[in-house]
Amino acid sequence: SKARKRLERKPLAIERTKGSEILFGIAPCSLALSQSRRDLFRLFLKQSSGSRRLVMSEFVLQATARGVPVHHVTRRELDALCRGQVHQGVCLEATPLRFKNLEEDEKPDLGDEESPNRQLIWLVLEEIQDPMNLGALLRSAYFLGVDRVVTSRRNSCPLTPTVSKASSGAMEVFDVYSTDDLRSFLKAKTAEGWKVMGTVSKPEEVENVPVISCLEFQWNKPVIIVIGSEGDGLSLETQLLCHQMLAIPPGRALHPGIESLNVSVATGILLHSICSQKLRHGD
């Protein structure tokens, strides 16, 4: 009986498919199963009863429809698979998602975008490194109607399972592009007639670029919103490529040390402020 208890305590070591990763959480796994963007190897479900049973049987149906083998495992095996993350009883072994290459994809889109009054909004991320922030940014961008997200390839967080979970699965349905040369990309879009708007938490720190409140922004041409890294904000070289900088006016006199917002929260506020104009004007 002692030997049996010892065996029960030790979770099964699950051999991983080469080149795979473990997605975790109900939304990322369900959306990954419903899309055809990843190769899917195995679905791992916690044996469950009560209210969760219905969710799990939906997963079994989804996996069966896609020809993905289903394994019923213990909670401890799931914990081991996703290294203690919040899996909600579901893990999915799949190939990673990669950024789409912006340079390769540029040409086919242009015809659609050259109509003069088209209210397009792209979100550009410069060196966002925290997977929770990247996931939250993707979730807000998807929800609020951003047409495309572009990230700098250098010093940026890759599209990991943690990002997918933080995005509540938005990463599974929303393409994310990357570029090796953010500055050339911004210059090219300016030449095409786009407006490039930077973001800043402390307006007094910006030189040579006018700063306006996000409430004053007038959307009269396709726009790119550029968000800087969590600690440093936008690099000076990128700031100088912006037509204007957007700031969020605070609601009170701020105590020193708490004068800025989390990057994903600030971006949500800015995007809502701009995208609400899209809703009012329509295309």
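This is a predicted model: local features need pLDDT of at least 70, side-chain atom pairs count only at pLDDT 80 or more; totals for chains, interfaces and linings use all residues.
Local features are taken only at pLDDT of at least 70 and side-chain atom pairs only at pLDDT 80 or more, whereas totals for chains, interfaces and linings use all residues. Residues are numbered from 1 along each chain as its sequence is written, and side-chain values use heavy atoms, without hydrogens or water.

Helix α8 spans residues 182-191; helices here are DSSP runs of H or I with at least four residues, strands are runs of E with at least two, and both are numbered from the N terminus. Within α8, Leu 182, Phe 185, Leu 186 and Lys 189 are buried, that is, under 20% relative accessible area, with exposed meaning over 50% and partly exposed in between (1.4 Å probe, protein chains only). Viewed down the axis of α8, these buried residues fall within an arc of 95°, so they line one face of the helix; the arc is that of the directions from the helix axis to the C-beta atoms. An α-helix has 3.6 residues a turn, so residues three or four places apart point the same way. Lys 187 and Ala 191, on the other side of α8, are exposed. Just after α8, Gly 193 adopts a positive phi of about 100°.

Aromatic pairs are rings of Phe, Tyr and Trp (its six-membered ring) with centres within 6.5 Å; planes under 30 degrees apart are stacked, over 60 edge-to-face and the rest tilted. Three such pairs are counted. Tyr 142 and Phe 174 form an edge-to-face pair, at 5.6 Å centre to centre and 65° between the planes. Phe 174 is buried at 11% relative accessible area, while Tyr 142 is partly exposed at 46%. Ring pairs also link Phe 185 with Trp 122 and Trp 194 into a cluster.
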